[in-house]
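Let's take a friendly walk through this protein, one side chain at a time. Keep the structure open beside you as you read.

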Amino acid sequence: MRKFLVVLDDSRECLNAMRYAAMRAANTGGGVEILSIIPPEEFNHWIGVGDIMRAEARERIEAHFEVFAKWMRDRQGVDPHLVIREGEPVPELLSQIRQDPDIGVLVLGASTGKGGPGPLVTQLTKNSGALPVPVTIVPGSLSKEQLDAIT
């Protein structure tokens with residue numbers, strides 16, 4: 001089964017990427033894998049404090065995931081899988097793609113704000129020719145109706 005890999009973060013454009021991935025998976029008989037990456041700088045504290053912060057970050061990610069997972073199950077009939085990794089975002093994302101041969105497409109949400117499309121989109125598009133899978137970039141400004149029409 002081909003899986004759509006989508007990144008879960010705190011950005012607004014993440015919502016459209018999640019919707020797109022779920023709708024495409026539902027329409028093509030694929031699956032969805034949701035990847036959340038905890039950056040290492042969050043744990044540069046004493047060991048005990050870092051462990052507590054790591055556990056809290058995981059709890060926050062799992063709660064956020066459950067919101068998307070419920071929508072995907074209820075509305076699209078897709079049961080997503082969550083993967084949490086720790087490290088620098090781009091290397092961890094590429095490592096996940098290389099380790100899971102069922103991933104067929106990477107889906108990223110792009111911001112429409114002044115800061116550009118976002119750090120992942122910016123970094124990955126610079127080297128898009130060397131990526132192991134195709135990348136779909138979903139504009140954060142698309143409406144639900146537009147997403148439905150293109151999926």
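In a salt bridge, the side chains of Asp74 and Lys70 come together with an N to O distance of 2.5 Å. Keep in mind that what you are looking at is a predicted model. Both residues belong to helix 2 (residues 47-76), and because they are four residues apart there, about one helical turn separates Asp74 from Lys70. How open to the outside are the two partners? Asp74 counts as exposed, at 53% relative accessibility, while Lys70 is partly exposed, with a relative accessible area of 48%.

Stay with charged side chains for a moment. Arg73 and Asp79 also meet in a salt bridge, here at 2.7 Å from N to O. Arg73 is partly exposed, with a relative accessible area of 35%, and Asp79 is exposed, at 57%. How many salt bridges does the count come to? The answer is eight salt bridges.

Now let's look at a salt bridge with buried partners. Asp100 pairs with Lys3, and their closest N and O atoms are 2.4 Å apart.

A third residue joins in. Glu33 lies in strand 2 (residues 31-38), and at 2% relative accessibility it counts as buried. The side chains of Glu33 and Lys3 are joined by a polar contact of 2.9 Å. Leaving out residues up to four places away in sequence, Glu33 touches a list of residues that includes Lys3, Phe4, Val83, Gln96 and Asp100. One of these, Val83, is 50 residues from Glu33 in sequence, yet their C-alpha atoms are 7.3 Å apart in space.

Next, find Arg85, which has its place in strand 3 (residues 81-86). Is Arg85 buried or exposed? At 14% relative accessibility, Arg85 counts as buried. Its side chain is joined to that of Glu92 by a polar contact of 2.6 Å. Beyond residues up to four places away in sequence, Arg85 touches several others, among them Leu35, Ile37, Ser95 and Gln99.

Finally, turn to helix 4 (residues 119-126). Which of its residues are buried? They are Leu120, Val121 and Leu124. Viewed down the axis of helix 4, these buried residues fall within an arc of 95°, so they line one face of the helix. On the other side of helix 4, Pro119 and Lys126 are exposed. What covers the buried residues of helix 4? The cover includes strand 1 (3-7), helix 3 (89-99), strand 4 (103-110) and strand 5 (135-139).

Methods:
Residues are numbered from 1 along each chain as its sequence is written. This is a predicted model: local features need pLDDT of at least 70, side-chain atom pairs count only at pLDDT 80 or more; totals for chains, interfaces and linings use all residues. Side-chain values use heavy atoms; hydrogens and water are left out. Buried means under 20% relative accessible area, exposed over 50%, partly exposed in between (1.4 Å probe, protein chains only). Helices (H or I, at least four residues) and strands (E, at least two) are DSSP runs, numbered from the N terminus. The arc is that of the directions from the helix axis to the C-beta atoms. Contact means heavy atoms within 4.5 Å. A salt bridge is a side-chain nitrogen of Lys or Arg within 4 Å of a carboxyl oxygen of Asp or Glu. A polar contact is a pair of N or O atoms within 3.5 Å; within protein, one must be able to donate a hydrogen and the other to accept it, and residues adjacent in sequence count only if both atoms are side-chain atoms.
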